[in-house]
Structures are given as structure tokens and as C-alpha cells.
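Work through the exercises below with the model open. Each one comes with a worked solution.

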Amino acid sequence: MGRIRLTGRLVRRDLRRRPGPALLLVLAITAATATLTLGLVLRGVTNQPYQQTRAATNGPDVVAQIAGSGPVRTGPPRGRHLSRHGPPASAPVAHAQIAAEARALTHAPGVSRYSGPFPVASAVVRARGLTADVEAEGRSLTPASVDQPKVTEGTWVSSGGIVLERTFAEALGVGVGDRVRLNGRPFRVAGIAVTAADLPYPNLCYYPGGSCMFDLPGPFASRNVGFAWVTEADARALASAQAPPSYVLDLKLKDPAAAPAFASAHGNRPTPTSPILIPWQAIQSSSGLLVQDEQSVISPGAWLAGLLAIASVAVLAGGRMAERTRRVGLLKAIGGTPETVAVVLLAENLVLALVAAAAGLAIGWLAGPLVASPGAALVGTPGAPAVTLPIVGLVVAMAVVVALASTLAPAIRAARTSTVSALATVSYHAGARSPRRRPRLIALSARLPVPLLLGLRLVARRPRRALLSTASVAVTATGIVAVLAFHATVRLKTVGLANGLNDPVVDRDEQMLLILTVVLVALTVLNAICAAWATVLDARHASALARALGASPQQVTAGIAAAQVLPAVPGALLGIPLGIGLFAVAAQGVGVVVPPVSWLAAAVLGTLAAVAVLAAIPARIGARRPVSPILQAETA
Amino acid sequence: MSDTGASVLRARGLRKEYGQGEGLVRAVDEVDLDVASGETVAVMGPSGCGKSTLLHLLGGLDRPTGGELWLAGQRLDQMGERALARLRRGAVGFVFQAFHLMDELTAVENVELPALLAGQPARAARRRASALLDRVGLADRAAFLPSALSGGQRQRVAIARALVSEPAVVLADEPTGNLDSQATVEVLRLFEDLHEAGQTLIIVTHDSRIAATADRLISMRDGAFIDETRLTGGSTGNLGSLAGLT
């Protein structure tokens with residue numbers, strides 16, 4: 001008990017004595033744990049809005065699609081944009097066959113109610129100079145008992161009046177009262193509505209083809225297709241002999257939970273007229289794709305942030321440990337065992353890690369609702385993200401691992417330090433390790449200008465810190481290049497496909513990437529400043545001596561900044577292949593477009609310039625300190 | 001710029017103060033000093049009397065609170081940091097009690113460092129450093145790290161480093177303070193050689209045997225000069241015997 005109390009007291013005193021580095025350490029771990037928490041709590045938050053939309057629209061339990069000879073609404077893609085679907089229904093289907101399929105389904109056991117079949121025409125919509133494909137579903141003027149879309153603005157369909165699905169309307173940038181043309185025919189936008197029976201724009205896919213968004217050549221290329229409702233007469237008028245309408249039947253079951261089993265039993269037979277049946281659970285799952293997409297962006301980002309936090313904490317912990325070498329000696333001199341020393345040092349960082357984990361959980365939980373909006377496709381709001389015990393465990397584990405991974409080695413080294421040498425160590429010269437000698441680097445540096453000479457020799461003195469700086473910059477550059485690859489891919493792949501329409505998924509991805517980039521850049525800023533400051537502290541004696549021997553403060557400042565930039569160069573370059581690779585893995589098979597060289601060059605040079613500027617701040621402060629007291633301290 | 005006559009170094013009313021009000025400490029108090037070219041001046045006094053602070057002021061490592069200071073014809077007390085650095089590069093060589101060698105550099109790399117900082121080509125700097133190591137008797141230790149050298153050898157490396165830029169004045173701060181008797185003799189002989197070669201030297205020391213080798217001995221207390229004695233020992237060319245060490 002006494003030992004625990006002593007440890008607690010020492011930890012408390014130490015934290016009070018040096019609050020600045022402790023705060024930086026907490027900030028670094030908090031950024032990583034908050035990002036991880038955000039990634040974890042987003043899971044399933046859109047189920048509630050889908051259920052609210054389903055209730056408001058009397059949504060179907062099973063949607064049946066019966067092909068005409070044209071495009072048919074398909075099932076939900078399993079991996080947004082990227083899924084491959086079954087073969088197209090290519091042969092014309094007689095009306096009698098369609099009626100027979102519909103009759104078989106409506107009379108199947110377990111079906112309690114239905115609406116439809118409704119004709120669906122494939123059309124091209126033109127509005128505000130934009131052109132897009134749209135599926136226009138023909139509806140009666142009276143509300144359907146199953147799947148009556150919820151009109152959120154304006155009124156329901158009328159002759160010549162079209163109701164647009166809300167995300168599609170937003171992408172087109174049109175509202176109630178605007179004029180649009182479908183297959184050249186004028187329509188007035190009568191209303192805006194949402195539905196639980198279909199996937200929101202841009203997730204609708206078409207046969208024939210493959211993915212919903214990318215890589216689909218040919219006249220039947222799948223594109224971002226919107227959804228709209230018109231009168232049945234207008235839908236039939238929009239169809240043609242070359243593109244006859246398909247049909248949609250909305251079914252209610254006695255047991256909604258049995259929808260997947262019903263779909264398996266009655267649909268997807270290998271015949272041209274076999275309907276495609278989609279259970280509501282699949283639509284719910286796909287309605288959350290927007291948020292799932294966020295998760296797919298945030299999750300790798302959280303691990304990148306974790307890696308950066310390890311680098312930051314390692315530098316900070318090393319610096320803190322160096323500052324406390326004399327305290328370690330004192331502790332040992334008055335009877336502390338090496339174990340006591342190690343436990344005190346570890347306990348301090350573990351306490352900070354737990355504080356950071358708690359802060360990260362709170363921030364992630366609070367930020368969850370801000371990014372968990374399901375988008376315009378659904379009505380209702382997401383529930384509060386659930387911070388479950390596994391999430392808490394994972395986040396705390398991450399924080400503890402970050403703290404342990406970066407402080408275990410310095411703590412053990414401190415415990416093994418000889419008491420006499422620890423006590424003899426002057427505070428500014430308290431590096432736990434002697435400077436390394438790198439003969440080749442020293443010889444090379446002799447041929448360089450003074451700032452590079454000083455910088456290269458500082459790098460050579462502390463190769464581990466240089467390696468951490470390289471890793472840190474590589475992680476940041478990886479994140480930035482992944483963002484650039486995303487933009488390059490989206491830009492190229494959607495040119496001529498989306499026809500200038502806003503893609504809500506891409507928009508949301510961009511928001512998430514922006515947040516992630518800010519977190520990564522913030523951590524890198526923290527890391528660069530910490531590394532530069534640690535270098536300044538470590539090199540105080542060497543810098544003072546260099547100045548005594550004739551180096552100017554400007555040369556020393558530039559030297560310390562160069563010591564940060566030199567290891568950053570390989571890190572920034574390494575980030576290019578890593579970033580493209582990361583995006584390729586995260587994009588799950590989408591053909592990744594390598595960003596233009598100018599973008600990559602700007603990213604690398606910008607990163608290096610930022611590191612130089614950030615390092616110059618502590619370097620300048622350090623280089624302007626009076627030389628005399630530093631040189632006299634060792635004599636004293 | 002001012003007329004300093006034959007003085008390499010000249011100070012008038014030089015002051016260095018720390019703190020203020022009741023806590024004011026005058027580390028250097030109204031010091032006047034002229035050091036002629038080729039002269040060796042020893043400054044003695046008890047610990048904390050301001051000797052090292054004076055040396056750092058004279059070498060431009062620290063800034064005076066007041067007074068005027070000229071070195072090699074240039075006024076130091078009004079110089080910016082960059083100009084001071086330039087002046088230190090060419091006109092001042094420092095020898096410290098704690099040697100202040102870079103642990104990760106070999107003897108020859110330590111010696112050539114000021115030349116590299118002054119922008120000399122690497123080969124020229126290495127040639128000059130090797131020659132100086134030869135001069136201080138350490139040619140065979142050129143590739144040794146400081147940790148592999150004795151205290152006396154380290155200080156001889158530091159002296160070689162101080163000479164690499166052919167400075168107008170060498171400022172030595174307790175150069176034998178960390179050395180045993182034998183090493184002290186080695187260093188004394190080296191200073192003797194420098195003196196004979198016409199090198200201007202200012203040596204701050206506790207050791208009266210070293211002080212006895214100078215042309216002039218200045219005693220210091222509480223930041224001020226309290227006594228000044230002109231000696232003959234410095235010009236006899238037999239420092240070791242005068243100091244009673246051989």
C-alpha cells in the first residue's frame with residue numbers, strides 16, 4: 001500500500017512540475033483515440049432513421065422487380081459503387097407473363113398486403129443544364145397502401161408533375177416548382193419525397209453492367225441513376241418499344257423478419273421472367289452505406305493517427321525521460337529500487353494515457369451525431385452513438401499500447417542508469433543515451449554548407465529520433481496522398497458519368513477525409529514541434545559550442561531545422577506509394593488513379609516546408625539562448 | 001572602430017550585471033583592460049569573482065551590460081549576433097576547463113570544426129587540423145574519440161581547435177582545472193610554445209603556477225580588478241621550471 005501511495009505521490013508531483021509536456025502527450029493520444037472512437041461508434045447509427053422512414057412510408061417488407069426488356073431496378077450493392085450483379089433480363093417479357101409472376105407473388109403464403117405492380121420507365125432527365133439517367137415509377141394519384149413515399153416538400157404526383165427522390169433532387173439542384181425534361185418531355189417538379197423501398201441516389205444500379213459507378217463501358221453503362229415518381233400514364237408514355245417498362249411490386253409480409261427467407265424462396269430463379277426480390281433488411285443495410293463509407297474512411301485513418309501518436313509520444317516520452325535523469329538518480333540515491341523508478345515512470349504515462357482515452361471516448365461520442373447524419377434519403381435522426389464496453393476496451397487498449405510502446409524502453413533504461421552518472425548529469429545534457437557516431441555522415445557533412453553540416457550531424461547523433469520523424473512524416477504523407485488519390489480517382493471516373501451532379505457519398509467522403517487530414521496534420525504539427533524541441537534540448541550543448549566556435553544563431557537555427565527536414569524527406573517520398581496503396585486497399589478493387597505528378601510534388605514539398613517552418617520555431621528559440629551559461633554549467 | 005594602438009584587445013568600464021534592485025549582482029564591475037599583441041595575461045581570483053564571465057565577455061560569448069570593448073580593432077559591445085559570430089570565427093580561440101569536445105567526433109574532426117564553420121574547404125580544414133594535432137603532439141591520436149584520450153590529451157586537442165582559425169587572441173578558462181600534474185605540465189609547455197610564437201593569450205586560472213608564467217598577472221575580486229603585476233617569467237621561455245613542475 002505504501003509503495004502505491006509513494007508512486008501516486010511521485011507521479012502527481014512530477015505531473016505538476018512539468019505540465020506542458022504532459023499536456024502535449026495527452027493531446028497526442030486523445031487525437032488518436034477520438035478518431036478511433038468516432039470510427040467505432042458510427043456502426044449501425046442509421047438503422048433508426050431507416051426504421052422511421054419505413055414507418056412513415058409504410059415501407060414494404062419485400063420489393064419485387066419484374067423485368068420488361070429494359071433496365072430493372074436491382075438489389076442493393078454489397079460494396080457501394082463496386083458490386084457486380086447478375087445477368088440482365090434481355091428478352092422482352094410478355095405482359096401476361098408479368099401478370100402471372102405478380103399474381104404468384106401476391107398470392108404466395110405469408111404475404112398480407114401489396115401494392116403495384118407499378119411500371120418503371122428508364123428516362124434521361126435534363127435540368128439546369130445537367131443531364132442524368134432516372135427511373136420514373138408510375139404511381140396512381142391516390143396513396144398506395146404499401147410504400148407510399150413520404151412527400152417532404154410540395155405535393156404528390158399529378159399529370160405532368162414529377163416527384164423527385166430527395167437525394168437525387170439535391171444532386172440535380174432542383175426544387176419544387178422547377179422545370180425539368182424527361183426524354184424531352186417537360187415536367188414540373190411537384191414535390192420531393194423519400195422512400196424506404198429503394199436505395200437513395202447514387203446507389204441505384206442497373207442491368208446490364210457491373211458496378212454502380214465505375215468502369216462500365218457500352219450503351220448500357222451503369223451510371224449514377226436517380227429515382228422519381230410520375231403518374232402511371234406518364235411512366236408508360238416515357239417508355240418505348242425499344243425500352244419497355246419494367247414493373248415493381250411492393251409486398252408486406254405477416255412476418256417482416258422472414259423477408260430474406262421469402263426472397264430466397266420466391267425469387268432469383270434462373271429464368272428470364274423470374275422476379276428479383278429484395279428484403280427490407282438489405283435495403284436498410286444499404287441505406288447506411290453513406291455512414292459505412294465514413295467508417296471505411298475513418299477506420300484506417302484512426303490507425304494512422306494511432307501510429308502518429310506513437311511517434312509523438314515516443315519523442316515526448318524520450319524528452320521527458322531525459323529531463324528526469326537527475327530525479328532518477330536522486331530517487332535511487334535515497335533508496336528507490338530500479339523497479340520503483342521504472343514503475344513511477346510507466347505509471348505516469350499510463351495515467352496520462354487513461355486520461356487521454358477518456359477524453360478521446362468523450363470527444364468521439366460527442367462528435368458522432370455530427371457525422372452520423374444518414375443524408376437526405378431518409379427522414380428521422382440517428383440515435384446517440386452507443387459507446388459499448390468493447391469500444392471502451394479497444395480505445396483504452398489503444399491508448400495504453402501507445403503509452404507503453406513508446407515509454408517502456410526509456411523507463412527500463414532509466415531504471416538501469418547508474419545512480420552516480422544520473423546524479424552527475426546536467427539537466428541540459430541529460431540525454432539517456434550517448435550521441436551516436438556515424439563516420440560517413442560526419443565526413444559527408446564536412447563538404448556541406450554550415451546549416452546542413454550542423455543538421456546532418458544532429459541527425460547522426462540521434463538516429464532513433466530521426467527514424468521516428470521519418471515514420472511520422474511518412475504516415476502524414478500517406479494520409480495526404482491517399483486523399484489525393486481519392487480525388488484523382490473520383491475526378492477521372494465520374495467525368496462524363498455523373499454529368500456534373502453532386503454525389504452525396506463523394507461529398508461525405510470528402511468531409512470525412514478533410515476531418516481526417518486535419519487530425520493527421522495536427523498530430524504531425526505536434527510531432528514536428530516535439531521532435532524539434534527535443535532536438536533543441538538535446539543539442540543545447542553542441543549548439544552552444546558551435547556558436548562559441550563561430551557559428552551564428554541563424555546557422556544554428558537552420559541546422560536544427562535541417563535536422564528535422566532531412567529525415568522528413570524520405571518520409572514524404574515514402575508516403576507516395578504508401579498513400580496510393582492505402583487508398584487501393586480501402587477502395588476494395590476500384591481502379592485507383594495515381595494523382596498527377598504536380599499534386600504529389602506539391603504534397604511532398606508542402607509537407608517538407610511545413611516541417612521546416614514548425615521546426616524553425618523551437619530551433620530559433622533554442623539558438624538564441626545565451627551561450628555562456630550553457631558552457632559554464634558543465635564547468636560548475 | 002576606434003584607435004586601439006597596439007592593443008589586440010581593449011576594454012573600458014566593462015560591466016556585466018545580473019538581476020535588479022536589491023538582487024543586483026555585478027559579475028564584472030567597471031573593468032579597464034589593454035592586451036598587447038603577443039602578450040600573455042593571467043587573471044586570478046577566487047571562485048565566483050567573475051573571471052569566467054569576463055573571459056566570455058572578451059570573447060563575445062556574452063554581452064556586457066555597459067562599457068566599451070574592442071577586439072582586433074572592432075568594437076564588440078555594439079555588434080549584432082551574426083557579426084559577433086563572424087568575429088569569433090576569425091579572431092578568437094577558446095579553451096575551456098571542461099574541454100567541450102564533441103563526444104562523437106574524433107580528435108581531428110573536433111579540431112577542424114571551427115574551420116568548417118568558417119567555410120573553409122573540407123580538405124584544407126583537415127590539413128590544417130592535422131598539422132595542429134602534430135604541433136600539439138597528438139598526430140598519432142588524430143582518429144581517436146575524446147573518450148579514448150587522457151585529460152591532458154583532450155585539452156591539447158581543445159588547444160589545437162582554438163588555434164585552427166589563427167585567432168588574434170586565445171582565451172583559456174581554467175585550462176588545467178581538470179588536469180593532473182603531468183597533464184598540467186603538457187599544457188603549460190604548449191602555452192609556452194604559443195607564447196614564443198607570438199600568440200596573444202588570456203588565461204583565467206586558480207593556479208598560481210600557471211599565473212607565474214604570464215607577462216602580466218591581474219587579480220580579481222567581486223568583479224573588479226584589484227591588482228595588476230607585470231612579471232618576467234612569461235618571457236623567459238622556461239615556463240615549466242618557473243612553475244616548479246619539472
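**Exercise 1.** Does B:Arg156 count as buried or exposed, and why?

*Solution.* The model is predicted. Start with the location: B:Arg156 sits in helix H5 of chain B. Next, take the neighbour count. B:Arg156 has 27 C-beta neighbours inside 10 Å. The cut-off for a buried residue is 20 or more. B:Arg156 therefore counts as buried.

**Exercise 2.** Find which residues B:Arg156 is in contact with, leaving aside neighbours within four places in sequence.

*Solution.* Now take B:Val95. B:Val95 is 61 residues from B:Arg156 in sequence, yet their C-alpha atoms are 9.3 Å apart. As for B:Gly137, this residue follows H4(B) and has a positive phi, near 80 degrees.

**Exercise 3.** Check the length of helix H4 of chain B against its residue count.

*Solution.* H4 runs over residues 122-135, which makes 14 residues.

**Exercise 4.** Work out which side of H4(B) is buried, and what covers the buried residues.

*Solution.* First, list the buried residues: B:Ala125, B:Arg126, B:Arg128, B:Ala129, B:Leu132 and B:Leu133. They span an arc of only 165 degrees around the axis, so they lie on the same side of H4(B). Then turn to the other side: B:Arg123 and B:Ala124 are exposed there. Finally, look for the cover. It includes helix H3 (107-117) and helix H5 (151-163) of chain B.

Key. Residues are numbered from 1 along each chain as its sequence is written. Chains are lettered from A and ligands numbered from 1 in the order in which they are written. This is a predicted model: local features need pLDDT of at least 70, side-chain atom pairs count only at pLDDT 80 or more; totals for chains, interfaces and linings use all residues. Helices (H or I, at least four residues) and strands (E, at least two) are DSSP runs, numbered from the N terminus. The expected span of a helix is 1.5 Å times one less than its number of residues. A residue is buried if 20 or more other C-beta atoms lie within 10 Å of its own, exposed if 12 or fewer, and partly exposed in between; C-beta atoms are placed from the backbone. The arc is that of the directions from the helix axis to the C-beta atoms. Two residues are in contact if their C-beta atoms, placed from the backbone, lie within 7 Å.
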